[in-house]
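Dear colleague,

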Amino acid sequence: RDIGVTGVQTCALPILGRATQIVSQLRSAGIATDRDYRSKKFPAQIKQADLLGARYALILGEDEIAKGVASLRDQQTKEQDEIALSSLVAEIASRL
C-alpha cells in the first residue's frame, strides 16, 4: 500500500463506491493515496488523515458525487475547495 506517516499525499474520505476508482487513478498518477476502509464517522476520518500525515483530504460524499465534484481539504491550512471529478487527478498533481 502507498501509506506511511510521511508518505501519504492524499487521503480519500469516501461515501459510496466511487472512492476506490479515484484512489486507483491517483495512485496510477504516482500520488500516494489511502482511504478509509472502516466507514468511520467524518471527524474520525479527518483525524486519521492527519495521523497519516496526508497533505490533503479528499472528501467524497453523496452531495459531492451528485454534483460531479470532490472536496479537497488542505490539511495544513484547513481550506477546502470543490474540484470537478474530471480534473481531480491533474488538480491534485498541480498542488503537490
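This is a predicted model: local features need pLDDT of at least 70, side-chain atom pairs count only at pLDDT 80 or more; totals for chains, interfaces and linings use all residues.

Strand β5 (residues 80-84) pairs with strand β4 (residues 69-74) in the antiparallel sense, over 5 bridges. Within this pairing, Leu 72 stands opposite Asp 81 of β5. The hairpin has 5 residues between its strands, and Lys 78 there takes a positive phi near 70°.

Ile 83 is also found in strand β5. With a relative accessibility of 8%, Ile 83 counts as buried. Beyond its neighbours within four places in sequence, Ile 83 is in contact with several residues, including Val 69, Leu 72, Leu 88 and Arg 95.

Turning to helix α1 (residues 18-28), the buried residues there include Ala 19, Ile 22, Val 23 and Leu 26. They cover an arc of only 105° around the axis, and therefore lie on the same side of α1. Ile 22 has a relative accessible area of 1%. Not counting residues up to four places away in sequence, Ile 22 touches Leu 58, Leu 60, Leu 85 and Leu 88. Helix α1 is followed by Gly 30, whose phi is positive, near 85°.

The salt bridges deserve a separate note; the count comes to 5. In one of them, Arg 55 is joined to Asp 74, with the closest N and O atoms 2.5 Å apart. Arg 55 lies in the loop between α2 (42-52) and β3 (56-60) and Asp 74 in strand β4, so the pair ties together parts that are 19 residues apart in sequence. Arg 55 is partly exposed, with a relative accessible area of 27%, whereas Asp 74 is buried at 11%.

Another salt bridge joins Glu 91 and Arg 95, where the closest N and O atoms are 2.7 Å apart. Both residues lie in helix α4 (residues 88-95), 4 residues apart, about one turn of the helix. Salt bridges that share partners join Asp 81, Glu 91 and Arg 95 into one network.

With kind regards

How values were computed: Residues are numbered from 1 along each chain as its sequence is written. Side-chain values use heavy atoms; hydrogens and water are left out. Buried means under 20% relative accessible area, exposed over 50%, partly exposed in between (1.4 Å probe, protein chains only). Helices (H or I, at least four residues) and strands (E, at least two) are DSSP runs, numbered from the N terminus. The arc is that of the directions from the helix axis to the C-beta atoms. Contact means heavy atoms within 4.5 Å. Two strands pair if DSSP finds at least two bridges between them. A salt bridge is a side-chain nitrogen of Lys or Arg within 4 Å of a carboxyl oxygen of Asp or Glu.
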